[in-house]
Amino acid sequence: MSQIRDSEAAFDPNADRLREECGVFGIFGHADAAALTALGLHALQHRGQEAAGIVSFDGKRFHSERRLGLVGDAFSDAGVIDKLKGTQAIGHVRYSTTGETILRNVQPLFSELHGGGFAVAHNGNLTNALTLRRNLVRDGAIYQSTSDTEVLLHLVARSRKGRFIDRLVEAIRQIEGAYAFVGITNKKLIGVRDPLGIRPLVLGELDGCPILASETCALDIIGAKFVREVENGEVIVISEQGIESHKPFPPAPERPCIFEYIYFARPDSVVKGQSIYERRKRMGAQLAAESPADADVIVPVPDSGVPAALGYAQASGIPFELGIIRNHYVGRTFIEPTQKVRELGVRLKHSANRSVVAGKRIVLVDDSIVRGTTSFKIVKMMREAGAREVHFRISSPPITHPDYYGIDTPDREKLLAATHTLEEMRQFVGADSLAFLSVDGLYRAMGHPGRDPAKPAFTDHCFTGDYPTSLTDVIGESAKQKLSLLAEAG
């Protein structure tokens, strides 16, 4: 899920990391459905830290609890969980996007439809949501949020099909982009994955009760068994009669988002039978083969750069050391009152381990460079700690194109690699040398001989500009549409 951004909203100038906007979880038929959902959301907290929500169903009524903040803040109270009665539940964590941080955008969203209630949570982004929204509003639809997910509720509500599953299929055939939906009705838990499988969704089981989740780590935290991945273009319907699988789209090769492997998925998760941790180490090893450096020590930018740095160190034979220590207790960065204090902001999260880097030639390993501002600050911090040389190595290719499928990226003109040559980037971040993993090298780290332009195995548009779906809202009039006339008091 993403909040559809107002065209006038400004991107946070200090943001310099890729962020995915959601994680989803659902369980059917378990007496502790809400509590297990809360635990699952804990495991998915890395996918969204702005808000969390759970909707349950007790056989008669739906119960909803949606709050701003972290899962632990919202659902650690037993009294809150006790209010979420029922044996089926879905949950959602949401990343903070620009624009308003308001409760009406927190998921799961719920609507009362002909035949009963329907709650839905969404990971991803619909690339024709604005166009659909404009047409639906013109026909009389009344929107309550600025979330692209609400489009699905309106499309399902307007379908004249008899069975709910047929109404849902009719709705998803009208949407474009990337999505993994989980939803509950009066009788069913439903999972939907987009035709290319850009966004992830897995099926698990606990005590005979089916579970849907964004990642396997959400199964691990509750002791559930992994069953399989939901296939690209598949609709799973779970009821007391069992599990049904529907394939409403023409068969297509799967193209999962490559950033799940590079950055978003938790290192202990498994995707398509592959350990995320091991794949990130292989990216580091491939990077060492492509771009070696004469150095004394390999230093990761924590936490996301650690596996790749380990792979680089093992492949190069250069010792791995924690030259940067991360402060895990920062929370939200305060609003700095002056430029001088603002420049020190990176030290709230990262501190140099002077005993490791002083007088050394270091290889600094990170997973990506977006705007470059944080990279500049970290290189500067290493030099101030006494590093003799700083060689920067990035375990992914240069990001030259924005994302429209659920990753929060700047516009292209604000991406460092889109506007600077490699040498200009090196000068910008202040490193002695700078190198990125090649696109073919990334594919080799993933077990492929290289990238096949005719049949890419992954959604990799941020590196290649090869967008796998239509981008209706990006090129159409809807991109200029103002979404809401309501400004809520904070």
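Asp366 has its place in strand β20, which covers residues 361-366. Strands here are DSSP runs of E with at least two residues, helices are runs of H or I with at least four residues, and both are numbered from the N terminus.

This is a predicted model, in which local features need pLDDT of at least 70 and side-chain atom pairs count only at pLDDT 80 or more, while totals for chains, interfaces and linings use all residues. Numbering starts from 1 along each chain as its sequence is written, and side-chain values use heavy atoms, with hydrogens and water left out.

### The chain as a whole

The protein chain holds 18 helices and 23 strands. It has 490 residues, and 57% of them count as buried; buried means under 20% relative accessible area, exposed over 50%, and partly exposed in between, with a 1.4 Å probe and protein chains only. The accessible surface comes to about 20,300 Å², and carbon and sulfur atoms account for 51% of that. These areas come from the Shrake-Rupley method with a 1.4 Å probe, and for residues only the protein chains shown count as cover. Taking contacts (heavy atoms within 4.5 Å) between residues at least 6 apart in sequence, 70% join residues at least 24 apart.

### A sheet and its helix

Six strands make an open, antiparallel sheet, in the order β6-β7-β8-β9-β13-β14; two strands pair if DSSP finds at least two bridges between them. At the edges stand β6 (109-113) and β14 (242-246), and each has a single partner strand, so one side of each lacks a neighbour in the sheet. From one strand to the next, the twist averages 20°. Axes are lines fitted to C-alpha atoms, for helices over the stretch in contact, and angles run from 0 to 180 degrees between N-to-C directions.

Five bridges join β6 to β7 (residues 116-126) in the antiparallel sense, with Glu112 opposite Gly117 of β7. Helix α5 (residues 150-158) packs on this sheet, where it touches β6, β7 and β8 (177-184), and its direction makes about 10° with that of β6.

How many of the nine residues of α5 are buried? The count is seven, so α5 is mostly covered. Among them are Val151, Leu153 and His154. The buried residues of α5 pack against β6, β7 and β8, and also against α4 (129-138) and α6 (164-172).

### Listed sites and cysteines

Cys22 belongs to strand β2 (residues 22-28), while Ser304 sits in the loop between β17 (297-300) and α10 (306-316).

A disulfide is a covalent bond between the sulfur atoms of two cysteines; here a pair of cysteine sulfur atoms within 2.5 Å counts. The structure holds zero disulfides. For Cys462, the nearest cysteine sulfur is that of Cys257, 7.1 Å away.

| Residue | Relative accessible area and class |
|---|---|
| Cys22 | 0%, buried |
| Ser304 | 19%, buried |
| Asp366 | 3%, buried |
| Cys462 | 2%, buried |
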